[in-house]
Amino acid sequence: MIDTAAPSDKTSSFGFRDVDAKEKVQLVRGVFDSVASSYDLMNDLMSGGVHRLWKDAASAKLNPRPGETILDVAGGTGDMARRYAKMARAAQARRGGEDASVIVLDYNAEMIMAGVHKGGEPEMQWTVGDAMALPLPDASVDAYSISFGIRNVADIPQALREARRVLKPSGRFLCLEFSRPTASAIRKAYDAWSFHAIPRIGGWVAGDRDSYQYLVESIRRFPDQTTFKGMIETAGFSRVTVTNLSGGVAAIHHGWAI
C-alpha cells in the first residue's frame with residue numbers, strides 16, 4: 001500500500017468515488033491501518049494463493065543481482081523484498097559480488113510494522129516514505145518495483161516520474177498490479193467473484209467489509225494495460241513491455257530508464 005500528499009486542487013479516485021487528492025491520502029491510510037494485521041492472510045484467501053505465483057513471476061522479471069540497490073515501493077509487509085533479497089543472494093553465491101540492498105518503502109507505518117514483525121532478510125531495510133516524493137537522491141537505485149500499490153496513489157503520473165528520477169541510467173522499472181482481463185468470460189467471472197465474495201471475506205476474516213469493498217473498486221478504476229503502458233512511457237521510460245498473468249487479472253509492466 002502507498003499513497004501521498006497531493007495538491008488540493010486535484011481530484012483522485014477512491015474506489016468508485018472521486019475525492020480531493022488530499023482526502024484520498026487519509027482515506028487510503030485508514031484502509032491499510034485497518035487491514036495491516038490480516039493483509040497477507042486476506043491476499044491468500046482472495047486469490048487462492050495465486051498472488052504468490054504472480055509475485056514469483058514479477059521477481060524473476062526484475063532479476064535481482066548482487067551489489068544492486070533495489071527500491072520496493074508500497075513494499076507493505078515485505079513479500080516482494082524477501083524474494084529480491086533471496087534471489088540476489090543466490091546469484092551472489094553462484095558468481096560472487098557485493099551484497100544487494102533492498103529498501104522496503106511504504107507510506108503506512110502499520111504495514112511496515114507488520115512486515116518487521118514477520119521478519120526479513122539481511123539485505124532488507126525498512127522505511128516509511130512517500131511514493132510521490134521519494135526520500136532518495138536522483139539516479140541512486142538500480143531497480144524500482146511497486147506491487148499492488150500504484151493504484152492507491154493520489155497522482156499516478158507523479159509517482160511514475162519519481163520512479164524515473166531515482167533510477168540510475170539503464171535502471172529497471174517494474175510494476176505488478178491488478179489489470180483488465182483480456183477475455184470477456186474471465187472478466188465477468190472475476191468481477192462476480194471480486195465484487196460479491198471479496199468484501200464478504202473481508203468482513204468475516206478481517207472484520208472490515210468496507211476496506212475490501214474499496215480495494216475491489218480501486219481495481220476496476222485502474223487504467224487498462226495499454227493505457228498504463230502509455231503513462232509509463234510518458235514518464236520517460238523506454239522499451240516498456242506488458243506481461244499478462246492469469247488472463248490479464250494481473251499484469252507486469254516493465255521498462256528501462258534509458
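**A loop residue and what lies around it**

A: Let's start with Thr-77, which sits in the loop between β3 (69-73) and α4 (79-95); helices (H or I, at least four residues) and strands (E, at least two) are DSSP runs, numbered from the N terminus. Before we go on, keep in mind that this is a predicted model, where local features need pLDDT of at least 70 and side-chain atom pairs count only at pLDDT 80 or more, while totals for chains, interfaces and linings use all residues. Residues are numbered from 1 along each chain as its sequence is written, and side-chain values use heavy atoms, with hydrogens and water left out.

Is Thr-77 buried or exposed? Its relative accessibility is 4%, so Thr-77 counts as buried; that word means under 20% relative accessible area, while exposed means over 50% and partly exposed is in between (1.4 Å probe, protein chains only). As for neighbours, Thr-77 touches Asp-40, Arg-82, Met-111, Ala-114, Gly-115, Lys-118 and Trp-126, leaving aside residues up to four places away in sequence. A touch, or contact, means heavy atoms within 4.5 Å.

Now step into helix α4, where you'll find Arg-83. Arg-83 is buried, with a relative accessible area of 17%. Not counting residues up to four places away in sequence, Arg-83 touches Arg-52, Lys-55, Asp-56 and Ser-59. Take Ser-59: 24 residues separate it from Arg-83 in sequence, but from C-alpha to C-alpha they are 6.7 Å apart in space.

That takes us to helix α3 (residues 50-62). It has 13 residues and reaches 19 Å from its first C-alpha to its last, close to the 18 Å expected at 1.5 Å a residue; the expected span of a helix is 1.5 Å times one less than its number of residues. The buried residues of α3 are His-51, Trp-54, Lys-55, Ala-58, Ser-59 and Leu-62. Look down the axis of α3 and these buried residues fall within an arc of 135 degrees, so they line one face of the helix. The arc is that of the directions from the helix axis to the C-beta atoms. A handy bit of background: an α-helix has 3.6 residues a turn, so residues three or four places apart point the same way. Just after α3, Asn-63 takes a positive phi of about 55 degrees.

Just after α10, Gly-236 takes a positive phi of about 110 degrees.

Positive phi turns up elsewhere too. Arg-239, in strand β8 (residues 238-245), has a positive phi of about 50 degrees although it is not a glycine. Arg-239 is exposed, with a relative accessible area of 56%. Ala-139, in the loop between β5 (124-128) and β6 (141-147), has a phi near 50 degrees, again a positive value in a residue other than glycine. Ala-139 is partly exposed, with a relative accessible area of 37%.

One more stop: a helix pair. The axes of α7 (residues 184-196) and α9 (residues 209-221) come within 9 Å and cross at roughly 150 degrees. Axes here are lines fitted to C-alpha atoms, for helices over the stretch in contact, and angles run from 0 to 180 degrees between N-to-C directions. α7 and α9 are therefore roughly antiparallel to each other (angles under 35 degrees count as roughly parallel, over 145 as roughly antiparallel, 65 to 115 as roughly perpendicular and the rest as oblique). From α7, the contact uses Tyr-190, Asp-191, Ser-194 and Phe-195, and from α9, Gln-213, Val-216, Glu-217, Ile-219 and Arg-220.

Finally, zoom out. The protein has 10 helices and nine strands, and buried residues make up 54% of its 258 residues. Among contacts between residues at least 6 apart in sequence, 71% join residues at least 24 apart.
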